[in-house]
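Dear colleague,

Please read them with the model open beside you.

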Amino acid sequence: MLPTHRPRRNRKSEVIRDMVQETRLTTHDFIFPLFLIEGQNQKLEVKSMPGIYRFTADRIVEEVGQCVELGIRTFAPFPSINDSLKDRLAKESANPEGLYLKAVADLKRQFPGIVIMTDVAMDPYSSDGHDGVVDAESGEILNDATLEVLGQMALAQARAGADIIGPSDMMDGRVAWIRRVLDENAFQHVSIMSYTAKYASAFYGPFRDALDSAPKKGDKKSYQMNPANKREALRELALDEAEGADMVMIKPALSYLDVIHAVKENTHLPVTAYNVSGEYAMVKAAAQNGWLDGEKTMMEVLTSIKRAGADAILTYFAKEAAAVLRRG
Ligand code: PBG
């Protein structure tokens, strides 16, 4: 008996394949993370992330300019702060004259059309390397003491011109707290993209190297989620929605495509995914060894994240993928 149903007919030429293609990436889908360092006139490659650099504030301008040229319009900067400026309460995070907030203000001035999403979490500024306040005696991460710090950090970022606040810390109640602080200070128009389901993942390794932000003691398992859990992500989603998040995020992306899908099915908010440093490093390492076609793998990875349900993707591939999309 020969087949009567032949799905291959819909794959028989490039034109037909293009016509029936369900998921299409565009450069507008991308949010590009940027690494900032103190100093002047430096552009240093992150060893575990070939093609990704840490820039001083003066050099970040040319990078953003090139990205804008390629059609990338949304950026997520992260700072690498000198150890001498770190303390238990991450005070440097609210310093308008500090590296991060000055760079944010500067970029918004130079590129008024771009959107900047700032990161709210204590780790880059914390002498403990944790996202929350660490109790000096017990080593516990203190949720409610952290909210105070996060609120001030978010407010300082809004004052610097942030369009979107991205709490990446996973403390309970932080979306509501930040929303209230922003609203009380006439920043009703500033959005919150919550890291809704952020897992305690080994895939953050290269990022922590880039920012020198690894925990000095212990791990992040008492606040970041257990990679084994999916229903818990829906609980976090319900809370973030109730607390006023404008957009939600799942992080990492590739090992969590099922979570992206589940979140998409359960919300009307835009869903984003963070294609994290370790996911980037894996593809780059394999490509450098000649074990994978780096460009094809990159496009497949990004397409799969969008197919799973992500409306936008934070990705270190943004610049490279934008160049591929432009080429057509
Ligand atoms: C910290 C933060 C991390 C990342 C973004 N914000 C690392 C962590 O939680 O330890 C990781 C991003 C990446 O790996 O690309 N608040």
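The buried residues of α4 pack against α3, β5 (115–120), β6 (133–134), β7 (141–142), β8 (164–167) and α5, in what is, please bear in mind, a predicted model. The buried positions of α4 include Thr146, Leu147, Val149, Leu150, Gly151, Met153 and Ala154. Just after α4, Gly161 has a positive phi of about 110°.

As for its partner, α4 (residues 143–160) packs with α5 (residues 174–184) at an angle of about 45°, the axes lying 9 Å apart, and this angle makes α4 oblique to α5. The crossing of α4 past α5 is right-handed, and the contact involves Leu147, Glu148, Leu150, Gly151, Ala154, Leu155 and Ala158 on the α4 side, with Arg174, Trp177, Ile178, Val181 and Leu182 on the α5 side.

The other helix I looked at is α2 (residues 57–70), whose 14 residues reach 21 Å from the first C-alpha to the last, close to the 20 Å expected. Ile60, Glu63, Val64, Cys67 and Leu70 are buried in α2, and because they cover an arc of only 110° around the axis, they sit on the same side of α2. The buried residues of α2 pack against β1 (30–37), β3 (53–56), β4 (74–80), α3 (99–110) and α11 (318–327). Just after α2 comes Gly71, with a positive phi of about 100°.

Methods:
Residues numbered from 1 in each chain as written. Predicted model: local features only at pLDDT ≥ 70, side-chain atom pairs only at ≥ 80, totals over all residues. Heavy atoms only, no water. Helix = DSSP H or I, 4+ residues; strand = E, 2+ residues; numbered from the N terminus. Expected span 1.5 Å × (residues − 1). Buried < 20%, exposed > 50% of the residue type's maximum accessible area, 1.4 Å probe, protein only. Arc of directions from axis to C-beta. Contact = heavy atoms within 4.5 Å. Axes fitted to C-alpha atoms, helices over the stretch in contact; angles between N-to-C directions. Parallel < 35°, antiparallel > 145°, perpendicular 65-115°, else oblique. Left-handed = near helix turned anticlockwise from the far one by under 90°.
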